[in-house]
Amino acid sequence: MESNGVQKAGEVKIEELKLLSSTNLVFDLREFLVEFNLYEDLFSNYLRGNLVLTDSRNLIEIAPLIGEEYLTVKISTPGMESKIQKTFRVFKVSDRQIVRDNNTQNFVLHFASIELMGDVLLPLFKPHEGMIHDVVGEIFTNYISQSREFNVSEANGEFTESTYDTPLYILNPTSNKVKFVPTGWSPFKCINWLASKAIPKDGVARNYLFFETNKAFCFGTLEAIFKDVYTNKNFIGRYSISAANIRDGARAPDINREYFIAKDVEMVETIDHIKNYTNGYLSNRLITLDVYNKKYDVIDYDYVTEYSKQYHTSGEGSKARPTFTIEGIRNPVSSTSFYPVNEKLFDGFSENISERMKDIYGNRRSSMIELTNVKMNITVPGRTDVEVGRMLYFHYPAIEPVDDKSPADNQDTMYSGYYLITAIHHKVNKEQHTMTMEIIKDSMTVEK
């Protein structure tokens with residue numbers, strides 16, 4: 001990225017922060033802003049956030065603020081073309097507090113993606129049939145997709161919807177079909193259900209997810225993201241724990257370098273083998289029940305023997321060192337689940353999803369649990385081109401005598417390597433943008 005004119009990493013430009021009230025009044029909230037918080041989560045279907053505001057003009061009454069407002073956001077990092085740009089819907093006002101001799105008040109506006117408001121009010125009953133990724137696209141287009149941003153007229157302050165809808169990216173297509181009738185489920189719930197029943201056309205892991213980043217909605221497997229890093233080197237950069245503002249004899253600090261320095265690092269979770277023995281990670285059992293034909297089937301899944309067949313955060317399974325040993329203790333009976341089977345539920349449809357669960361359940365359960373093995377939170381200077389679902393390389397230092405090793409070689413071979421960004425807290429004020437990122441690693445091999 002270009003650093004011309006940028007004084008320090010984390011600089012931010014709040015280009016637009018406008019509120020459209022329920023009475024069609026437009027307010028520029030930049031003058032009221034204390035802090036803007038935006039949360040992305042790989043396991044959430046939408047974005048959410050809040051605005052901390054300070055007000056001496058009685059905005060709550062003038063607007064009035066009742067929790068039904070629209071909020072337009074446009075934030076950029078100097079030197080970057082990528083922006084966080086979207087219209088949200090306010091749903092709550094909280095934490096109102098009078099300060100400064102009773103002439104100023106602080107309060108918090110809570111907001112979420114505008115698509116969420118349509119989702120909670122739209123139960124579906126229409127039958128759907130087809131390839132799962134096609135059905136996901138159909139539901140998204142017909143029931144979720146909305147104008148991503150509103151335009152605010154400088155002349156009269158009116159809001160108009162843009163012609164640009166938030167896109168849905170299918171990261172990798174599915175290979176199985178589905179036919180189902182949602183019983184009043186919301187669109188998001190339908191897509192989440194479809195994700196749990198999807199088998200990839202290319203790949204092994206059944207870890208499909210549906211999530212929203214600050215740029216788009218995505219539907220695909222985590223394995224597709226992992227593979228993309230190793231085949232196309234598609235990751236956001238190499239982060240490390242290091243002192244900032246080191247100039248190495250240069251007259252000015254290296255801004256680009258400072259963007260990739262973690263200020264705070266917290267190890268949130270590490271491998272818990274007692275948990276993994278019992279939660280179905282290493283092995284699990286599925287018992288399918290066909291009540292009509294009075295029969296059942298027992299399917300045992302052993303992840304230890306299947307591990308090498310799929311991509312992980314550290315690459316191909318044959319190269320990615322697992323967090324367990326081949327001789328590890330495991331018993332599929334320790335994690336047993338039941339699933340109803342309805343053979344030939346639909347006439348002329350041979351791929352009833354309940355009959356495919358034997359090919360999905362065990363792999364998906366192990367692949368999803370694996371994401372909880374190693375988890376860290378790191379705080380870094382903010383960038384508006386970073387989003388959940390991307391990968392980064394984190395250089396975790398080895399705590400040992402350095403000797404003649406270069407800093408690049410002095411890394412912990414268990415905890416260094418590629419990590420998946422599973423959550424981001426963007427914290428923005430008038431001068432600075434910081435990100436606290438939750439990152440996970442499912443295997444222990446390091447690439448130097």
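First, the ground rules. The model is predicted, so local features need pLDDT of at least 70 and side-chain atom pairs count only at pLDDT 80 or more, while totals for chains, interfaces and linings use all residues. Residues are numbered from 1 along each chain as its sequence is written, and side-chain values use heavy atoms, with hydrogens and water left out.

I start with the pocket. On a 1 Å grid over the protein atoms alone, a pocket is an open set of points with protein on both sides within 12 Å along at least five of seven lines; a cavity is a set where a 1.4 Å probe fits but cannot get out; lining residues have an atom within 4 Å of a point. Volume is the space filled by probe spheres set on the points, which are joined across faces, edges and corners.

The largest pocket holds about 310 Å³ of space. Its lining has 16 residues, and those nearest the centre are Leu171, Cys218, Asn234, Gly389 and Arg390. Helix H5, residues 222-232, gives the most to that lining, with 3 residues. Helices here are DSSP runs of H or I of at least four residues, strands are runs of E of at least two, and both are numbered from the N terminus.

Now the cavity. The whole structure has 1 cavity of 30 Å³ or more. Residues lining the largest cavity include Asn207, Phe226, Tyr303 and Asp442.

Next, the sheet. Three strands form an open, mixed sheet in the order S11-S14-S13. S11 (168-170) and S13 (208-212) are the edge strands, each pairing on one side only; pairing takes at least two DSSP bridges between two strands. S11 and S14 (residues 217-221) run parallel and are joined by 3 bridges. Within S14, Phe219 stands opposite Ile170. Helix H4, residues 187-195, lies across S13 and S14, at about 150 degrees to S13. Axes are lines fitted to C-alpha atoms, for helices over the stretch in contact, and angles run from 0 to 180 degrees between N-to-C directions.

Last, Lys83, in strand S6 (residues 83-99). Is Lys83 buried, exposed or partly exposed? Lys83 counts as partly exposed because its relative accessibility is 29%; buried means under 20% relative accessible area, exposed over 50%, and partly exposed in between, with a 1.4 Å probe and protein chains only. Leaving out residues up to four places away in sequence, Lys83 touches Glu15, Lys74, Ile75, Ser76, Lys215 and Thr384, contact being heavy atoms within 4.5 Å.
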